[in-house]
Amino acid sequence: MSMAPAHRQKSSRRGSGFNLPASLALTCALGLASCLWRTRWSFTTPCVQWPRAVLGQHARTKVSRHASPEEDKVLQLVAEYPVAERADTDDVEEMVKAAKKLMRPFIDQGAYSLLPGDWKLEWSTGKGRAFLRPGEGEGPTKYSPSGKSSKDPANLQLLSFLALPKTIVQLTGSYNRIDQDRYQRVETFRMHPDYQVSDTTHGTEAALVLEGPWGTGTAEGEWGKGAERTRVPVQFQQIRVVPSTENSEESRTMIEKLGLGSFLERQTMKTQETYVDLNYMSPVMRIHKEASGDIHVLSKMEPGTIPFLLD
């Protein structure tokens, strides 16, 4: 397509002495448009710093994203989701409704290729918003109408398939790290304020790590006998407790004071195979259903940004 020759025009800004050739302006505009077009449709997801209101305790964690409007809606609801003791059934239903606009009983097998990487759990039907915000889970214990509280104590023995001792902690968040043959589930915690064994490690975090091989498959499900699933079977075979990268020495001290020092090295464990069913997968977001039936919403992170000493 031919174009009329461009002519140099004077700037209308008085006294500026600024002149810009029309051809140069057109070239810049076309270049910018091309860049934006390529970015919008590529599978490369830019990294941005999420606000503390979304990230909670780990505010410096980077999350990869180039979200669709539907994904944006889900993440916005996560950001606005109330603390556990103030959440009600309307909050849960609104989140589930937004998630189900993306969810499908069976998604393309190509979803497996997007699974490897670092993931941050944003929300689940069982717990609500996964990460505590600054100040949450402290002070007097309060409960929601359904009996939930951000100060709910967690028993590491139950979270570890009975591999760890009965140690009461406060959960602060959850991640997944997945590579081609290993699935790591990372549950972050700190000393529970009502079960403190030392004041010197108040607020310090560590993480329980369950890991083992994962596979692919399908199975029957609630949609009927023989219904297809994009299933990820997982067999956890090892367990360990790892320090935070932000204050690793204090974190290690806390681990030892909790009687978990022997688990700083990997220990073998025996568990029954579990699974998750993938209901939505993109370079930005994953929604899956656990074997328990809980719906989990996770966002993709920049590689290597989980703030705990994993390998």
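On a 1 Å grid over the protein atoms alone, a pocket is an open set of points with protein on both sides within 12 Å along at least five of seven lines, a cavity is a set of points where a 1.4 Å probe fits but cannot get out, and lining residues have an atom within 4 Å of a point. The structure examined here is a predicted model, in which local features need pLDDT of at least 70 and side-chain atom pairs count only at pLDDT 80 or more, whereas totals for chains, interfaces and linings use all residues. Residues are numbered from 1 along each chain as its sequence is written, and side-chain values use heavy atoms, with hydrogens and water left out.

The largest pocket is lined by 42 residues, and those nearest its centre are K127, L159, L171, R185 and E187. Its volume is about 990 Å³, a volume being the space filled by probe spheres set on grid points that are joined across faces, edges and corners. Among the strands (DSSP runs of E, at least two residues) and helices (H or I, at least four), numbered from the N terminus, strand 6 gives the most to this lining, with 4 residues.

By the cavity rule, 1 cavity of 30 Å³ or more is counted, and the largest cavity has a volume of about 50 Å³. Its lining consists of L121, S174, N176, Y183, R185, H288, E290, H296 and L298. Two or more of the lining residues come from each of strand 6, strand 7, strand 13 (285-290) and strand 14 (295-300).

The largest nonpolar core holds 46 residues, of which F189, V232 and L278 touch the most other members; such a core is a set of buried Ala, Val, Leu, Ile, Met, Phe, Trp, Tyr and Cys residues joined through side-chain atoms within 4.5 Å, where buried means under 20% relative accessible area with a 1.4 Å probe and protein chains only. Strand 8 supplies the most to this core, with 5 residues. With residues up to four places away in sequence not counted, V232 touches Y112, L115, Y183, W214, G215, T274, Y275, V276 and L278, a contact being heavy atoms within 4.5 Å. A second, separate core of 20 residues includes Y81, A87, M103 and M285.

The mean pLDDT, the predictor's confidence in each residue from 0 to 100, is 77 for the protein, and 68% of the residues reach 70 or more. Over residues 1-21 the pLDDT stays under 50, and the model has 13 contacts beyond four places in sequence for this stretch.

Terms used. Buried means under 20% relative accessible area, exposed over 50%, partly exposed in between (1.4 Å probe, protein chains only).
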